[in-house]
Amino acid sequence: MITGLSTMTSLTQVAGQFLADVTYDDLPVDVLPMVRDAFTDTVAVIMVGINEPIADIVRKTVVEPAGLHETRACLSGRMVGAPDAALLGGAIAHSLDYDDQSLSGHPSAVLVPAILAEAEALGSSGQQMATAYVAGYEVWSEVWRRNHDYHAKGWHPTSVFGPIAAAAACAVLRQLPAERASTALAIAATQAGGLVSNFPSMTKGYHAGMSARAGVLAARLADAGMTAGHDALENPQGFLTAFSNGSEPDLRSESRLGKEWYLPRHKLLIKRHPTCYFMHRSFEATVSMLAGRHIDPDEVEMVEVRMGRGQITVLVYDRPQTRYEAEFSGQFSIAAAVILGRMGVPELADDVVRRTDIQAFLPKVRLIPMDEVDPRDPVFSPTETVTMRLRSGEIIESGPVASIPGHAGDPLTREQLWDKFVECTANTHRESEARALFDLLQKIDSLESTAQLPTCERIFND
């Protein structure tokens, strides 16, 4: 039961008390399907990214040389240290930008690898893992809401809030008392960072991994007796001020932790395409408005996409030449919709991005910023619209699009999530094995421990 929060004033201390008190029985029942989907989807995107270059770079350079044997690396037969398993899992989960999105970042690519790694080391139950996920998400939300527009300042919110959220989750797994849990958050806060300028590279994925690892380590260090600032989050020279976008962060309002649950209101957006989510609504809108007719790309004169100013701040590659750049190109998403009709992993390959017809189409697309913001996440506009003008003079319009499948307002069905899962695991699991793993992840909170999740012998077996 969550108690004792109303008499505290320090955000850092209140958060620590929340983490010490929260139990599975406190969780709103409507968050549990989202937690199950978060674990399921994150394991899926780890498997599809397992052969990305960053996987071997991190595994062979950092993880395996450490020589520890606490937990399975990405559910493989390789045993490694839990902090390193979190690092590797997070880096791979975010390597293709196929993981979920919310709170201006990617919570599950940080939280799930950290939780799976530390839970396996500790022998935690499924209920403890689910509670840890929600606790980490809630702490991320509570800190995130106190300022916005982090991207515009050059910060990657995933690796700004990720270490704190992962530390919160691991504090719950380790059942730390309030003072130690607060210390874990303070230790994690001093490891936060991550630059938007690193987005078109492997380092963006690494941001999620380093955040997951930082959270595991912070909780372990706090548990071992390490000290840290008692007001590290809200101190005028602390976390919120340091990562402020230039406006005054909210250092004083009362914490809502344990009083108003964020996850039911700020739901996950589960992706159907391996790119920045800021591109997805306009891509889907274009595919939908062209359904049933063939448009010759040469007949398209101009396409205007109206979307949030915060989205355009991130979608900076109007002439992408690589997969990493295409993941942050609104122009590429429209070209993919018109020419390819798909925007999956194969369509993001460098040779596809550089195709002559794709490159010729890119200059036809203009992104027009909207200043209206979505209260669920102010980095988005409430809706997006796509307007296409053909050389014949015909105008084709999408109309305002607020939600697409996978969006907070239109979550994927179990069948749609399975379709993504089986596609993502095609190179790592037989379909029967994928189904067994999927079904277990879909009831993660009822498992006795991570030991019930099967080992995949086909990965990391070099």
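This is a predicted model: local features need pLDDT of at least 70, side-chain atom pairs count only at pLDDT 80 or more; totals for chains, interfaces and linings use all residues.

**Stop one: α3 and α10**

Select residues 53–63, which form helix α3, together with residues 202–223, which form helix α10. Two packed helices are described by the angle between their axes and the distance between the axes. Here the angle is about 55° and the axes lie 10 Å apart. That angle makes α3 oblique to α10. Turn the view to look at how one passes the other: α3 crosses α10 in a right-handed sense.

Now show side chains where the two helices touch. From α3, pick P53, I54, I57 and V58; their partners in α10 are M202, G205 and Y206. Colour this contact by residue class and you get 6 nonpolar residues, 1 polar and no charged.

**Stop two: α2 and α4**

Next, select helix α2 (residues 32–48) and helix α4 (residues 82–93). Their axes come within 8 Å of each other and cross at roughly 85°. Angles of 65 to 115 degrees count as roughly perpendicular, so α2 and α4 are roughly perpendicular to each other.

Which residues make the contact between them? On the α2 side, select T42, V45 and I46; on the α4 side, select G89, I92 and A93. The residues in the contact of α2 with α4 split into 4 nonpolar, 2 polar and no charged.

**Stop three: D84**

Stay on helix α4 and click on D84, which lies in that helix. Is D84 buried or exposed? With a relative accessibility of 5%, D84 counts as buried. To see what surrounds it, show V62, V63, A66 and R213: D84 touches these, leaving out residues up to four places away in sequence.

**Stop four: T455**

Finally, jump to T455, in the segment after α19 (431–441). Its relative accessibility is 34%, so T455 counts as partly exposed. Setting aside neighbours within four places in sequence, the residues in contact with T455 are R72, L75, S76 and G77.

Zoom in on R72 for the detail: the side chains of T455 and R72 make a polar contact at 2.9 Å.

Methods: Residues are numbered from 1 along each chain as its sequence is written. Side-chain values use heavy atoms; hydrogens and water are left out. Axes are lines fitted to C-alpha atoms, for helices over the stretch in contact, and angles run from 0 to 180 degrees between N-to-C directions. Helices (H or I, at least four residues) and strands (E, at least two) are DSSP runs, numbered from the N terminus. Angles under 35 degrees count as roughly parallel, over 145 as roughly antiparallel, 65 to 115 as roughly perpendicular and the rest as oblique. A crossing is left-handed if the near helix is turned anticlockwise from the far one by less than a right angle, and right-handed if clockwise. Contact means heavy atoms within 4.5 Å. Ala, Val, Leu, Ile, Met, Phe, Trp, Tyr, Cys and Pro count as nonpolar, Asp, Glu, Lys and Arg as charged, and the others, Gly among them, as polar. Buried means under 20% relative accessible area, exposed over 50%, partly exposed in between (1.4 Å probe, protein chains only). A polar contact is a pair of N or O atoms within 3.5 Å; within protein, one must be able to donate a hydrogen and the other to accept it, and residues adjacent in sequence count only if both atoms are side-chain atoms.
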